[in-house]
Amino acid sequence: MNTVSVRSLLVRGMLAGLVAGCAALLVAYFLGEPSVDASIGYEEAHSHHDDHGVELVGRTLQSTAGLATGVLVYGVAFGGIAALAFCVALGRIGRFGPRATAALLSLGGLLTVYVVPFLKYPANPPATSDPDTIGQRTALFFLMIALSVLLGLAAIILGRRLAPRLGAWWATVAAVAAFVLAVGLAYAFLPSYDEVPKDFPASVLWRFRLSALAVQGVLWTGFGLLFGHLAERRLAPRAGSVDPARGVVETTP
Amino acid sequence: MAHSAASTTGSPALPEVAPISLKAIAPWAVFFGVLMLVLLYFVGAEQGATSLLSGESVHEWVHDGRHLLGFPCH
Ligand SMILES: [Zn+2]
């Protein structure tokens, strides 16, 4: 058993999440905010009643300090969760060193926590959803994330069970196919929402969604690379059976 | 993935990293796992679908992040 402390990895994970969150914040501000502003412009041009009398938080604060709070807290929180998942995955998902484990985990996180739910319930800019359905949309969004993560874990277990019989390659193909099939079934049976107003500019919607994907891509990639580096440095000197001549555990998947 | 296929078919074994015992992970996972989920809840859903705190200030403050991080909003 590895005696490296969970606390030290958790701290590094939250730190890596914070730094990756800073990079994601730049993407959110420079790529995302223009389409958020365009959506709010559309909203104000179309609102018939004047409910903008008392604005609790102004647009300038929302798009800077408010945005930063949201993205950075999100980065730290997922950094911590991913670090805990890393502690479980390390040495248990095959012969991968710390850096490769972190990279695989981040890729899996991006896909199951964000991309798979996004394809069913994509990110929406302001003024494109019905406020009356917020409860159902939120519940279904979180349900889709939970389902996607659980199906991802199930696919890993399935792949490992099949590996002795099919070999690693075909076991992986079968596990991915089973995952895609199960996700497809979930997509087919969960309700969809078609609430974007007919005259909402399609290019704004497209740019907004691309930016939302870019935010997550940068966040998870940045986290994977940085946390992998930190974990490698933390774990390499004490990784039990490492040949001193080779030093660092080198595994490139 | 091709590399993992190669390693199971007997190519020079890479040094294996010892796993961390689940008993050592469990207390951290329970306490910090819940804490992190609470943080995500406040960024993603508080004063939207459900409200623990009255008012709109949390929602208004993290509003742009909520949209750009993909959480359902308005
Ligand atoms: Zn909104």
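Q47(B) sits in the loop between α2 and α3 (57-61) of chain B, where helices (H or I, at least four residues) and strands (E, at least two) are DSSP runs numbered from the N terminus. Phi of Q47(B) is near 60°, a positive value in a residue other than glycine. With 4% relative accessibility, Q47(B) counts as buried; buried means under 20% relative accessible area, exposed over 50% and partly exposed in between, with a 1.4 Å probe and protein chains only.

Please keep in mind that this is a predicted model, in which local features need pLDDT of at least 70 and side-chain atom pairs count only at pLDDT 80 or more, while totals for chains, interfaces and linings use all residues. Residues are numbered from 1 along each chain as its sequence is written, chains are lettered from A and ligands numbered from 1 in the order in which they are written, and side-chain values use heavy atoms, with hydrogens and water left out.

**The zinc site in chain B**

- Four residues coordinate the zinc ion at 2.0 to 2.3 Å: H63(B) through NE2, H67(B) through NE2, C73(B) through SG and H74(B) through ND1.
- Donors here are N, O and S atoms within 2.8 Å of the metal (3.2 Å for Na, K and Ca), and sites may look incomplete as water is not among the atoms.
- The arrangement is tetrahedral because the four donor atoms subtend angles of 95 to 127° around the zinc ion.
- Four donors count as tetrahedral if all angles lie between 85 and 135 degrees.
- Along the chain, the donors of the zinc ion are spaced as H-x3-H-x5-C-H.
- H63(B) belongs to helix α4 (residues 63-68) of chain B and C73(B) to the segment after α4, so this pair ties together parts that are ten residues apart in sequence.
- H63(B) is buried, at a relative accessible area of 4%, and C73(B) also counts as buried, at 6% relative accessibility.

**The overall layout of chain A**

- Chain A has five helices and zero strands, giving the pattern α-α-α-α-α along the sequence.
- The C-alpha trace of chain A spans about 70 × 40 × 25 Å along its principal axes.
- Of the 253 residues in chain A, 45% are buried.
- Contact means heavy atoms within 4.5 Å, and 83% of the contacts in chain A with a separation of 6 or more are between residues 24 or more positions apart.
- Chain A is divided into domain 1 (1-42 + 61-128 + 199-253) and domain 2 (133-195), with bounds that come from an automatic or database domain assignment.
- The centres of domain 1 and domain 2 of chain A, taken over C-alpha atoms, are 20 Å apart.
- Across the two domains of chain A, twelve residues of domain 1 are in contact with 16 residues of domain 2.

**Nonpolar cores**

- A nonpolar core is a set of buried Ala, Val, Leu, Ile, Met, Phe, Trp, Tyr and Cys residues joined through side-chain atoms within 4.5 Å.
- The largest nonpolar core has 62 residues, and those touching the most other members are L9(A), V71(A), Y74(A), F86(A), F227(A), I20(B) and L69(B).
- At least two residues of this core come from each of α1 (6-46), α2 (59-89), α3 (98-120), α4 (134-189) and α5 (202-235) of chain A, and from α2 (22-44) of chain B.
- Domain 1 and domain 2 of chain A both give residues to this core, so it lies between them.
- Beyond its neighbours within four places in sequence, V71(A) is in contact with G21(A), A24(A), L25(A), A28(A) and L69(B).
- A second, separate core of five residues includes Y42(A), A127(A), F200(A) and V204(A).

**Individual residues in chain A**

- A127(A) lies in the loop between α3 and α4 of chain A and is buried, at 14% relative accessibility.
- Phi of A127(A) is near 75°, a positive value in a residue other than glycine.
- T133(A) is placed in the loop between α3 and α4 of chain A and counts as buried, at 11% relative accessibility.
- The side chains of T133(A) and R137(A) are joined by a polar contact of 2.8 Å, that is, a pair of N or O atoms within 3.5 Å; within protein, one must be able to donate a hydrogen and the other to accept it, and residues adjacent in sequence count only if both atoms are side-chain atoms.
- A polar atom of the T133(A) side chain also lies 2.9 Å from the backbone oxygen of D130(A).
- L31(A), in helix α1 of chain A, is 179 residues from L210(A) in sequence and 8.8 Å from it in space, C-alpha to C-alpha.

Notes:
Four donors count as tetrahedral if all angles lie between 85 and 135 degrees; four count as square planar and six as octahedral if opposite donors are over 155 degrees apart and all others between 65 and 115; anything else is irregular.
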